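Biologist: Thanks for sitting down with me. Could we walk through this model together, one question at a time?

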Amino acid sequence: MKTNIGISDKNRKEVSTLLAKLLADEFVLYTKTRNAHWNVVGPDFHAMHVFFEEQYGKLEGFIDDIAERIRSLANPALGSMKELLAATRLKEGKGELKSSAEFLKLLLQDHEQVIRQIREDAPRCEELGDDGSNDFLVGLLEEHEKMAWMLRSCLA
């Protein structure tokens, strides 16, 4: 059946492309946060291990929500590592042991990059007539700002 939700095919495709890049960014950030959870070392290991687990749990939910938003616009979500790595704007991390401070700084930089990108993408969705995706992105923006604040607070 043809999708008839009041947004043109062209505009739905453009919004889905924006969301696909965000999906890729979130997936890379999720993987980097899992890496921090697995490979953090130091006297605060246990607290940081638990903290990073909470963080990647939230990111996992974002990933699912973004993919489902893309599908609700009648477009396919990226589904392979190759596609995700080609679409991301973040740099992939390496599996190596680091202190909590090192991981916190790296993850904070990525969250702030995602925040800046969402600030650009949300108004574009509104311009394309997709108030739902605009609202969705503003909600994600708030979540990332809170996560960045928590990372920043751990570094203070």
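Biologist: Leaving out residues up to four places away in sequence, which residues does D110 touch?

Modeller: Happy to start there, with the reminder that this is a predicted model. D110 is found in helix α4. Once residues up to four places away in sequence are set aside, the ones D110 touches are L29, K32 and L90.

Biologist: Is D110 buried or exposed?

Modeller: The cut-off for buried is under 20% relative accessible area. D110 has a relative accessibility of 7%, so it counts as buried.

Biologist: How far apart are the C-alpha atoms of D110 and E26?

Modeller: Along the chain, D110 and E26 are 84 residues apart.

Biologist: Let's turn to the largest pocket. Which residues are the closest to its centre, and what is its volume?

Modeller: The largest pocket has a lining of 16 residues, and the closest to the centre are K32, K91, G93, L106 and D110. K32 is also one of the residues that D110 touches. As for the volume of the largest pocket, the value is about 240 Å³.

Biologist: Which element gives the largest share of that lining?

Modeller: Two elements give two or more residues to the lining of the largest pocket, α1 and α4. The largest share is 6 residues, and the element behind it is α4.

Biologist: How many residues of the lining are charged?

Modeller: By class, the lining of the largest pocket includes 4 nonpolar and 4 polar residues. The charged residues in that lining number 8.

Biologist: Now for helix α5. Which helices do its buried residues pack against?

Modeller: Helix α5 covers residues 131-155 and reaches 36 Å from its first C-alpha to its last, close to the 36 Å expected. Its buried residues include F136, L140, H144 and L151. Those buried residues of α5 pack against α1, α2 and α4.

Biologist: Which residue caps the N-terminal end of α5?

Modeller: Look for a side-chain oxygen that lies 3.3 Å from the backbone nitrogen of G132. That oxygen belongs to the capping residue, D130.

Biologist: One last stop, H49. Why does H49 count as partly exposed, and which residues is it in contact with beyond its neighbours within four places in sequence?

Modeller: H49 sits in helix α2. H49 counts as partly exposed because its relative accessibility is 22%. Leaving aside neighbours within four places in sequence, H49 is in contact with H37 and V40.

Technical notes. Residues numbered from 1 in each chain as written. Predicted model: local features only at pLDDT ≥ 70, side-chain atom pairs only at ≥ 80, totals over all residues. Heavy atoms only, no water. Helix = DSSP H or I, 4+ residues; strand = E, 2+ residues; numbered from the N terminus. Expected span 1.5 Å × (residues − 1). Buried < 20%, exposed > 50% of the residue type's maximum accessible area, 1.4 Å probe, protein only. Contact = heavy atoms within 4.5 Å. Polar contact = N/O pair within 3.5 Å; in protein donor to acceptor, adjacent residues only side chain to side chain. 1 Å grid on protein atoms, 1.4 Å probe; cavity = no way out; pocket = protein on both sides within 12 Å on 5 of 7 lines; lining within 4 Å. Points joined across faces, edges and corners; volume = space filled by probe spheres on them. Nonpolar A, V, L, I, M, F, W, Y, C, P; charged D, E, K, R; others polar.
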